[in-house]
2 protein chains.
Amino acid sequence: MSRKTITDVAAAAGVAIKTVSRVLNNEPKVRDSTRERVMAAVKALNYHPSFSARALAGRRSFLIGLVYENPSANYVMDVQSGAMARCREERFQLIMHHCNVRGADLATDIGGLADQTHLDGLVLTPPLSSSKELIAALDERELPFVRIAPNRMRHASPFVDVDDQAAAREMTEYLVGIGHRRIGFIIGNPEHYASGRRLEGYKAALKRHGIEYRDEYVKQGFFIFESGLESGHELLAMPERPTAIFASNDDMAAGVLMAAHQRGISVPAQLSVAGFDDAPIARIVWPRLTTVFQPAYDLAYSATDMLLELLKSPKLDKSVQFDYRLVCRASTGPLRAA
Amino acid sequence: MSRKTITDVAAAAGVAIKTVSRVLNNEPKVRDSTRERVMAAVKALNYHPSFSARALAGRRSFLIGLVYENPSANYVMDVQSGAMARCREERFQLIMHHCNVRGADLATDIGGLADQTHLDGLVLTPPLSSSKELIAALDERELPFVRIAPNRMRHASPFVDVDDQAAAREMTEYLVGIGHRRIGFIIGNPEHYASGRRLEGYKAALKRHGIEYRDEYVKQGFFIFESGLESGHELLAMPERPTAIFASNDDMAAGVLMAAHQRGISVPAQLSVAGFDDAPIARIVWPRLTTVFQPAYDLAYSATDMLLELLKSPKLDKSVQFDYRLVCRASTGPLRAA
DNA sequence: CTGAAAGCGCTTACAG
DNA sequence: CTGAAAGCGCTTACAG
């Protein structure tokens, strides 16, 4: 039961291998009856084209790189699933690559990856999608790529994102709407463009409702649990502490929750806590987190789709914005008497 | 700056391409001076061999499949990182494949994957590593594979695991040691061989300390948070409730923690809770979880290493057991007066 | 220790 | 609409 080749199929269908190739690649100008005959032979022989032969003859690798340095396993898995789903439809393979922020410089790292694997293109997740250095290195190699949630840097490559500013504004307005005036905010990792946008959304909501912006209510975090815990303690130790804290992601919000627990502050009676991402952690902490859902899978699927298009028509200049959604759970509510 | 080929290197080094090939594949019987000349040319030209040409000529794909159906993103990422690290060293590519348990049958799913991608071999994660059906399908195709944490099914393929029985016994004995006698247990997903082993360890510890095994203290969970929450409530609603609960993984232990919170039972003063895995969640819940660390990355690295060996010498029959480690945190302690 | 030839299974470029 | 030839960049099998 050695592997069937295109020659076997051609023989079985009584055509030339070139015709089999045409059918398999959905090229036009094949007579319907011929196409059917070929497909029947493909099916009968359980034929599957050789990945390496197609790549070698076609002068491309059919390999797409998905690069990330995000510490959140859930985010990475969502993105990976989305990108993989699209790759599979097109018989591309996905190469995952984890970048070490503190390792060698990005350009060398990704450049090396591209050299070694002969990648056809890349999908860049944040914060790599905003790295000038990396983008310059890819441009130099003329490697096509698509960016997920990048900054506003002008570049011809397509991108996908979510309106982080609007999402954060909406969440903040929700907190205002249930009666909060002293609202703390924890900024995400400053290397992520989204971090700044979320902060802007928070500020915009305060302004819109005539609430004074207070610098001491805003702490710098890094999208990880520990930074939420630490910032949470700082905010909750204040004499006039916030009655609500909006953390820029769920991991940090979980940290705030723990800080509150450790201080005997009950949530949401004495403190409302909101996060961002709707990661699994949001449903695992107690109380469950109010947060913002963003469709990471869809963003990645779409980004990969755009990359595949880009490989066909290098002039593609496109971007797609996806919808977010507020998810209200038990960690937020009006203030109640102690 | 078109891609350099083996011909370019051969020309630059003044040898035949076959000699370049020998050097690149670390074949013996190459004069040192020749080897050096070739390596210098490789470096000077920044040459990287073509993945697809090697695969096509070598009659193999250099593709390894990593299949999983585990819902835990962290576990999957750890395993993926370990497998990927080993693959990269050997210029193999890793293909991730998520199996839908409730989708088409496993054999068809993975068989299709193997057919389409022409995989050289697979790494099977639990519970797939114990699937008779899947293993039969792979044997039929003569596809080499290595199993992670499989059951005791007799099979020539190599495997790696951890002594789950001993680990669970040790954790249970730790709970007994700090004074607990009424110890609840939540079983993991029954499709995982480890689930049964951990239950056995729990029972063995009770026996060893002359504590009666009580069926009503043992609940069936599925390795997911919700099942821990539910089982936790059942256990804590009992008139003579356990003073400690050992859940077979951290997600379920987090569920128990939430059940305790909802019932106003304080941990660890009134209830000790222990988990298994040392997943990130263990440090994010409150209080932080006492748990068992198991080196998922190392298991996967080693499994991949064994698969690579297996591809060279098909007779390899080997298995490696890795060490676990108890991690004591704040969720366990002696009972204290209310 | 080294090399010349053939071939892996496709696609490209061209012809009809 | 279809096909014959050449070639992608390596490894295999063989020779010396």
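Predicted model: local features only at pLDDT ≥ 70, side-chain atom pairs only at ≥ 80, totals over all residues.

Colleague: Which classes of residue make up the surface near DNA strand D?

Modeller: That surface has 12 nonpolar, 7 polar and 6 charged residues.

Colleague: Which residues are closest to DNA strand C?

Modeller: They are I6(A), S21(A), A53(A), A57(A) and A16(B), out of 25 residues that surround DNA strand C. Here the largest share of the surface, 5 residues, comes from helix 4 of chain A. By class, the surface near DNA strand C divides into 12 nonpolar, 7 polar and 6 charged residues.

Colleague: Where does A16(B) lie, and why is A16(B) called exposed?

Modeller: A16(B) lies in the loop between helix 1 and helix 2 of chain B. A16(B) has 12 C-beta neighbours inside 10 Å, so A16(B) counts as exposed. From A16(B) to I6(B), 10 residues apart along the chain, the C-alpha separation is 9.3 Å.

Colleague: Why are helix 1 and helix 2 of chain B called roughly perpendicular?

Modeller: Their packing angle is about 100 degrees, with the axes 8 Å apart. Roughly perpendicular covers angles of 65 to 115 degrees. The two helices of chain B are therefore roughly perpendicular to each other. On the helix 1 side of chain B, the contact is made by I6(B), T7(B), V9(B), A10(B) and A13(B), and on the helix 2 side by I17(B), V20(B) and S21(B). The residues of this contact divide into 6 nonpolar, 2 polar and no charged.

Colleague: How do you know that the buried residues of helix 4 of chain B are on the same side?

Modeller: The buried residues in helix 4 of chain B are F51(B), S52(B) and A55(B). They cover an arc of only 90 degrees around the axis, which puts them on the same side of the helix. An α-helix has 3.6 residues a turn, so residues three or four places apart point the same way. The face turned away from the buried side carries the exposed residues A57(B) and G58(B).

Colleague: What do the buried residues of helix 4 of chain B pack against?

Modeller: They pack against helix 4 and helix 6 of chain A. After helix 4 of chain B comes R59(B), whose phi is positive, near 60 degrees.

Colleague: How many residues of chain B are in contact with chain A?

Modeller: 32 residues of chain B are in contact with 32 residues of chain A. Helix 5 of chain B gives the largest share of the side of chain B that touches chain A, 7 residues. That side of chain B divides into 17 nonpolar, 14 polar and 1 charged.

Colleague: Which residues of helix 7 of chain B are buried, and what puts them on the same side?

Modeller: L134(B), I135(B) and L138(B) are the buried residues of helix 7 of chain B. Their arc around the axis is only 95 degrees, which puts them on the same side of that helix. K132(B), A136(B) and E140(B) are exposed on the face turned away from the buried side. The cover over the buried residues includes helix 6, strand 3 and strand 4 of chain B.

Colleague: Why is H233(A) called partly exposed?

Modeller: Buried needs 20 or more other C-beta atoms within 10 Å, exposed needs 12 or fewer, and partly exposed is in between. H233(A) has 17, so H233(A) is partly exposed. H233(A) is found in helix 10 of chain A. In chain A, buried residues make up 50% of the 338 residues.

How values were computed: Residues numbered from 1 in each chain as written. Chains lettered and ligands numbered in written order. Near = placed C-beta within 6 Å. Helix = DSSP H or I, 4+ residues; strand = E, 2+ residues; numbered from the N terminus. Nonpolar A, V, L, I, M, F, W, Y, C, P; charged D, E, K, R; others polar. Arc of directions from axis to C-beta. Contact = placed C-beta atoms within 7 Å. Axes fitted to C-alpha atoms, helices over the stretch in contact; angles between N-to-C directions. Parallel < 35°, antiparallel > 145°, perpendicular 65-115°, else oblique.
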